[in-house]
Amino acid sequence: MKDLLFWLCSSMLLGSLAAHAGRIVFDFEKDTDLSAWTLRSKGQDKLQRSPRFATAGESSMVITSPAWKEGMEQWPAVEAKSPIKGWTPYDRLVIDITNPNRERYFLSMFISDGKLPFRDGLSYRFDLASRGFKRFIIPLSLFPEGINRSDISLLHFFSQRPQTDLCLYLDNVTLLRKDEVLPEPDSEFARQVGRLLLEDFGSLDQFVSDCRQAMDKLCDTPKLQRWAQREMTLIEQKISTAREDLSSSDLTLARMTEISEELELVRPRTERRLAVMRYHKEYTAAGLPGNGLLVGFATSMEKIPPRDAPFNLQATKGVELSLARNEKESFQVAILPADRELRKVSVAVTDLKTSRGAVFRRANINCDVVGYVQTRNRPPYHASYVGWWPDPILDFVGPVDIAEGDVQAFWIRLRAPKKQKPGIYRGKLTVSAEGLKPTTFSLTVRVRSFTLPDHSPLPMAITFFEQFDQMGGKDNWQKMKFQYADFLADYYINYDSLYRNEAPDYEIIKHLHDRGRLVAFNLGNVFNGGATTEGFDAQMKQTVDRLQIAYDQAKQLGLLDHAYIYGFDERGQDQFPILEKCAQGLRQAFPEVLLMTTSYDHSFGLESVVKSIDAWCPLTPSFDSERANKARAAGKQVWWYICCGPHNPFANMFVEYAAIEGRLLMGVMTAKYQPEGFLYYSLSIWNDNKPIDKGPFTDWNPISWTVYHGDGSWFCSGPGGKPVPTIRLENFRDGLEDYAYFCLLSEILRKYETKRESLSAKQKEWLAEAREAARVQESLVKSMSEYSRDPAAVYSWRDRVGDLIDRSGMATVNPWGKDFTVRGFSQKSQ
């Protein structure tokens, strides 16, 4: 019996040990453990062992890198040779990381074998804690096909432009088999990390104290005072409990993680409460009717969070805006319940009329519900909060209910037809809710004398991937493809793909051209992942043969002027010789077609062996105006692009970034720096999302490329597979419309300059004003990373340019000519 009992206990112990086993890759217990690790920038970054924040044993490895400045390595990186080659038996990799700083640094990793470049291996981005610890368990199922898991060679970690001095502690890099787990770090480690969180409590206490004082000033009725007292007491109690638990000798990692998540919401939720109180007071002060709801207005360049974050609204009795003919311009109406839930809320407008009886029909005004997508994790760039973000615009939803404490926005989009008479139009906008008297506001719209083009004012190279699962299947796509092409064209985007290996759909291309909406399309991709000298001639012949089919069709249809060829996507200088050889071959085969690349030659061909490329396309931070001008003088084009980078302070299009950034990038920044075109890699990375069929709070997952929110995904799919626009896409188009204003003014200015000697005094006065307006002021855009985020500043610039066009007497000019193409304005000057 004793033997049996001993056998059972031994079996249980061995089973327990096996369950907690793992194959250690690195535990940093010896100095020799660091010998496998190397730094990209040895003079800039450092690696060393440390007794701090060790989760297994006595030591961890600390990586440090100084805050990024111009001229420093912008991608600090460290990599290790794996001491274990065979990873086939394992299904997970564990890495423990402690971040002692407030900044949530960008940190990503590639793992690859001994043959393929590390960028072709497993890719993983770490969602680091702020002043905290996380155990990352990485599924090895993420390895792409082609990686030899029995020959794992390299682990490559990299960051990007840390804003403060980076310091990260890594430990316990361990491989696990199926069902194996690692024990949690001990309580002493939890207390170490808990002390990091406690360091922030002084500033948190001050923040809450400041908010309480601000609320006391805002609450001018006993009811509001009681509400504010209750809310602030709850927040203070939560902070007090967190402080006690973090100081406890019994602190666990689970409780510490819970506290960290709770504290992260304290600031945005408290600021939200302040915003609600502040708007109540502003609304009353503006003399607006208290009718069970509060109505506010915002520009199209702002995002209004529905809950858990602060907002800015204007309390006003009416809205005024202007737009050109054939232009779209929008604003937002936001509704808050005054003291209880609202039901069946809607917004409507009347026809607008001038004093002479001209009509701006309400059929040209959309009043659509703003939808919301929920982020659940921190992205690899700064985001002010995790939660619900405004993004899709839902024309199939409404009326809507609004819960107490929420804010619901409506997107009001006006479209002025080409033949709309210029003038000042006036009408009414009404907000209605079940059981409440409707609230009415004035709406005044100025239609200008000039007309914007049907096509983009700037050449584009933007990929749209057909996502058949969200479009009702391939058969349904054939029915919807023209709807999608027209939808994209409404946002100045041509149906296109940078990465196509088959001929374009010429039915769509011709459809766009016949309607005056086509600017550019790609004949096909060449060597997207680069090329090697081995077998190059045979591959080149296959490439030319493939492109020849698309080329011949374009030539037959008379569309060749709109065609370009894209290739060597983001390749380094090691690929330059073979890139030049490829470009020479393409130039010989297709002499009329523009050749474009995003390869990393920041001299734009002036200082490299690559002389046969027509158009260089750097990332926006690498756009150098002086070099671009020299390249243009040599007959080259210089475009620019964004993707998963850059991050703020540079402009981008992520869900959490300010809506104004997309408008500035495509409008005022483009006017200031004059790139010949814009490139973007994808509009529709929708992953496993199902079409949106309800709202305003949707099930649409904003995660797109890897763990980014909205990168490579600028619109959504809706009922029946229909395209659904987003606030980001609207601002993208609005920016291009701003740029069209600039193009019109520039053309008129050019014409005035040619007859400068014969101008009247009034015309000379106009010329001086126009010269000044054509120079984008530094108060609006100083650099690509320094710019105003004030919508009023954008409107001021736009209105000034628009007024000058109206006053010029030349409102019918067409700077783009009869058939604007991928060659852009450079073709007109040739």
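Guide: Happy to. In this predicted model, the open sheet has 5 strands in the order β2-β5-β10-β7-β8, and their pairing is antiparallel. The edge positions belong to β2 (37-39) and β8 (122-125), each of which has a single partner strand, so one side of each is left without a neighbour in the sheet. Going from one strand to the next, the twist averages 20°.

Apart from neighbours within four places in sequence, Asp-113 has contacts with Gly-146, Ile-147, Asn-148, Asp-151, Ile-152 and Ser-153. For a sense of scale, Gln-548 is 435 residues from Asp-113 in sequence, and their C-alpha atoms are 37 Å apart in space.

Helix α3 (residues 201-218) packs with helix α4 (residues 222-246) at an angle of about 170°, the axes being 10 Å apart. An angle over 145 degrees counts as roughly antiparallel, and α3 and α4 are therefore roughly antiparallel to each other. On the α3 side, the contact includes Phe-201, Leu-204, Val-208 and Met-215; on the α4 side, Trp-227, Met-232, Ile-235 and Leu-246 are among the residues involved. Sorted by class, this contact of α3 with α4 has 12 nonpolar, 2 polar and 4 charged residues.

Charged side chains are our next stop. Side chains of opposite charge can pair when their charged atoms come close. Over the whole structure, a search finds 63 salt bridges. One of them joins Asp-738 and Arg-798, with the closest N and O atoms 3.4 Å apart. This pair links distant parts of the chain, 60 residues apart: Asp-738 is in helix α13 (residues 727-754) and Arg-798 in helix α15 (residues 791-808). Both Asp-738 and Arg-798 are buried.

Another salt bridge brings together the side chains of Asp-401 and Arg-343, at 3.2 Å from N to O. Here too the pair links distant parts of the chain, with Asp-401 in strand β20 (residues 400-402) and Arg-343 in strand β15 (residues 342-349), 58 residues apart. Asp-401 is partly exposed at 37% relative accessibility, and Arg-343 is partly exposed at 38%.

Lys-344 counts as partly exposed, with 46% relative accessibility. In the loop between β19 (388-394) and β20 you will find Pro-399, joined to Gly-398 by a cis peptide bond with omega of about -5°.

Two further backbone spots are worth a visit. The peptide bond from Gly-645 to Pro-646 is cis, with omega near 0°, and Pro-646 sits in the loop between β30 (640-641) and α11 (660-666). Phe-527 is not a glycine, yet its phi is positive, at about 45°. Its place is the loop between β25 (521-526) and α8 (536-557), and Phe-527 is buried, with a relative accessible area of 11%.

Conventions
Residues are numbered from 1 along each chain as its sequence is written. This is a predicted model: local features need pLDDT of at least 70, side-chain atom pairs count only at pLDDT 80 or more; totals for chains, interfaces and linings use all residues. Side-chain values use heavy atoms; hydrogens and water are left out. Axes are lines fitted to C-alpha atoms, for helices over the stretch in contact, and angles run from 0 to 180 degrees between N-to-C directions. Helices (H or I, at least four residues) and strands (E, at least two) are DSSP runs, numbered from the N terminus. Angles under 35 degrees count as roughly parallel, over 145 as roughly antiparallel, 65 to 115 as roughly perpendicular and the rest as oblique. Contact means heavy atoms within 4.5 Å. Ala, Val, Leu, Ile, Met, Phe, Trp, Tyr, Cys and Pro count as nonpolar, Asp, Glu, Lys and Arg as charged, and the others, Gly among them, as polar. Two strands pair if DSSP finds at least two bridges between them. A salt bridge is a side-chain nitrogen of Lys or Arg within 4 Å of a carboxyl oxygen of Asp or Glu. Buried means under 20% relative accessible area, exposed over 50%, partly exposed in between (1.4 Å probe, protein chains only).
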